[in-house]
Amino acid sequence: MRTEKKLTVISTLTTFLVLGLSTLAMAAGGSEAAAGSGLLMPATLIGAALVVGIAACGGGIGVGLLGRGLMEGSARNPEMSGKMLVSMLIVFALIETFTIYGLVIGLILLYANPFM
């Protein structure tokens, strides 16, 4: 069990490192606008990647926990599974809404940057 936790932490840190380095490489591409803005463009790209990545991870974890709770509740009380399913679908829509908000914020940072 301890090894699985270490692997999870290492893979998460590796993912953030790859996202950060890839955004810096994209920002260093030969654009004069990016060259004139100093660190603003790379910081914006890293911020957009982190917003989208964290929103997706949070949404995935939330949906997984939601499904687990529904399965446990249905196993304990099968008569209530229909009502729990309706509640689960409502909460699922809310979780996905927050994930889409993260995507929209990331796209705003990339294409309609208010800091530029």
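## Overall fold

How many helices and strands make up the secondary structure of the chain? There are 4 helices and 0 strands. Along the sequence, the pattern reads α-α-α-α. Helices are DSSP runs of H or I with at least four residues, strands are E runs of at least two, and numbering starts at the N terminus.

The model is predicted: local features need pLDDT of at least 70, side-chain atom pairs count only at pLDDT 80 or more, and totals for chains, interfaces and linings use all residues. Residues are numbered from 1 along each chain as its sequence is written, and side-chain values use heavy atoms, with hydrogens and water left out.

Of the 116 residues in the chain, 19% are buried. Buried means under 20% relative accessible area, exposed means over 50%, and partly exposed lies in between (1.4 Å probe, protein chains only).

## Helix 3 against helix 4

Helix 3 spans residues 40–76. Helix 4 covers residues 81–111. Their axes come within 8 Å and cross at roughly 175 degrees. Helix 3 is therefore roughly antiparallel to helix 4. Axes are lines fitted to C-alpha atoms, for helices over the stretch in contact, and angles run from 0 to 180 degrees between N-to-C directions. Angles under 35 degrees count as roughly parallel, over 145 as roughly antiparallel, 65 to 115 as roughly perpendicular, and the rest as oblique.

The contact between helix 3 and helix 4 has 19 nonpolar, 10 polar and 1 charged residues. Here Ala, Val, Leu, Ile, Met, Phe, Trp, Tyr, Cys and Pro are nonpolar; Asp, Glu, Lys and Arg are charged; the others, Gly among them, are polar.

## Two C-alpha pairs

Ile95 sits in helix 4. Its relative accessibility is 16%, so Ile95 counts as buried. Ile95 and Gly59 are 36 residues apart in sequence, yet 5.9 Å apart C-alpha to C-alpha.

Met71 belongs to helix 3. At 56% relative accessibility, Met71 is exposed.

## The salt bridge

The whole structure holds 1 salt bridge. The term means a side-chain nitrogen of Lys or Arg within 4 Å of a carboxyl oxygen of Asp or Glu. Glu72 and Arg68 form a salt bridge through their side chains, at 3.6 Å from N to O. Both lie in helix 3, 4 residues apart, so about one helical turn separates Glu72 from Arg68. Glu72 is partly exposed, at 37% relative accessibility.

## A nonpolar surface patch

Val52, Leu103, Leu107, Leu110 and Tyr111 make a nonpolar surface patch of about 470 Å². Helix 4 gives the largest share, 4 residues. Leu103 is in helix 4. Its relative accessibility of 39% makes Leu103 partly exposed.

Patches use residues with over 30% relative accessible area and no salt bridge; like charges are joined within 9 Å, and nonpolar side chains (Val, Leu, Ile, Met, Phe, Trp, Tyr) within 5 Å. Accessible areas come from the Shrake-Rupley method with a 1.4 Å probe, and for residues only the protein chains shown count as cover.
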